[in-house]
Amino acid sequence: MSNKAVKEQVNQVVLDDVSTVYTIKNKRGKVLGEFVFRPSDTQIAERYEEVVKFFDHLQIPDNSYESIRAAEKQVIEKIGYLIGEEAANTFFNIIGPFSLLESGKFFVEEVLEAIAGVIEQEMEIRIKRMRRRVNKYSSKYHK
């Protein structure tokens, strides 16, 4: 092994960044894309609340092309802020955020609900694991 290869290995720090790859599928099961997300990040709840407030105050644009594109750009940036990556390359290369679904919802609403479900599910799983670990070590003091 060369000295350069050894030096590169020595100068590495490898961390568990709690990232998980999620596959995006349509209702028929076709894979549409994937994104990397850190749903158990302790700052995710704060970012989620910020994004929800943004959507609560979002005004539906008039029918002009420019106002719709400007609003879509804001929406894409907010979802990107929430999940920590370029959302345009994941969810919104499928269809635009204001595309109407059969349910009458905008596509961006569906995306936000899906992300909220992932956050909730992952946090529950990780909290249960943490409680088991804590109980394992503290049970001897509760006898």
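A pocket is here an open set of points, on a 1 Å grid over the protein atoms alone, with protein on both sides within 12 Å along at least five of seven lines, and its lining residues have an atom within 4 Å of a point. The structure is a predicted model, in which local features need pLDDT of at least 70 and side-chain atom pairs count only at pLDDT 80 or more, whereas totals for chains, interfaces and linings use all residues. Residues are numbered from 1 along each chain as its sequence is written, and side-chain values use heavy atoms, with hydrogens and water left out.

The protein contains four helices and two strands, where helices (H or I, at least four residues) and strands (E, at least two) are DSSP runs numbered from the N terminus. Along the sequence these elements follow the pattern α-β-β-α-α-α. Of the 143 residues, 27% count as buried, a term that stands for under 20% relative accessible area, with exposed meaning over 50% and partly exposed the range in between (1.4 Å probe, protein chains only). Among the contacts (heavy atoms within 4.5 Å) with a separation of 6 or more, 45% come from residues 24 or more positions apart.

The largest pocket has a volume of about 610 Å³, the volume being the space filled by probe spheres set on the grid points, which are joined across faces, edges and corners. Its lining is made up of 21 residues, and Lys25, Asn26, Lys27, Phe107 and Glu110 lie nearest the centre of the pocket. Strand E1 (20–25), strand E2 (31–37) and helix H4 (107–138) each contribute at least two residues to this lining, with the largest share, six residues, coming from H4. By class, the lining of the largest pocket holds 13 nonpolar, three polar and five charged residues, where Ala, Val, Leu, Ile, Met, Phe, Trp, Tyr, Cys and Pro count as nonpolar, Asp, Glu, Lys and Arg as charged, and the others, Gly among them, as polar.

The second largest pocket has a volume of about 180 Å³, and the residues that line it include Tyr48, Phe55, Phe98, Phe106 and Glu113. Helix H2 (44–57) and H4 each supply at least two residues of this lining, and H4 again gives the largest share, here four residues. In the second largest pocket the lining consists of eight nonpolar and two charged residues, with no polar ones.

Eight aromatic pairs are present in the structure; rings of Phe, Tyr and Trp (its six-membered ring) pair if their centres lie within 6.5 Å, and planes under 30 degrees apart count as stacked, over 60 as edge-to-face and the rest as tilted. Phe35 and Phe37 form a tilted pair, with 5.9 Å from centre to centre and 45° between the planes, and both of these residues are buried. The pair of Phe54 and Phe55 is edge-to-face, at 5.2 Å centre to centre and 80° between the planes, and both Phe54 and Phe55 are likewise buried. Ring pairs also join Tyr22, Phe35, Phe37, Phe91, Phe92 and Phe107 into a cluster.

Gly80 belongs to helix H3 (residues 65–83) and is buried, with a relative accessible area of 11%. When residues up to four places away in sequence are not counted, Gly80 touches Glu85 and Ala87. The C-alpha atoms of Gly80 and Phe91, which are 11 residues apart along the chain, are separated by 9.7 Å.

Methods: 1 Å grid on protein atoms, 1.4 Å probe; cavity = no way out; pocket = protein on both sides within 12 Å on 5 of 7 lines; lining within 4 Å.
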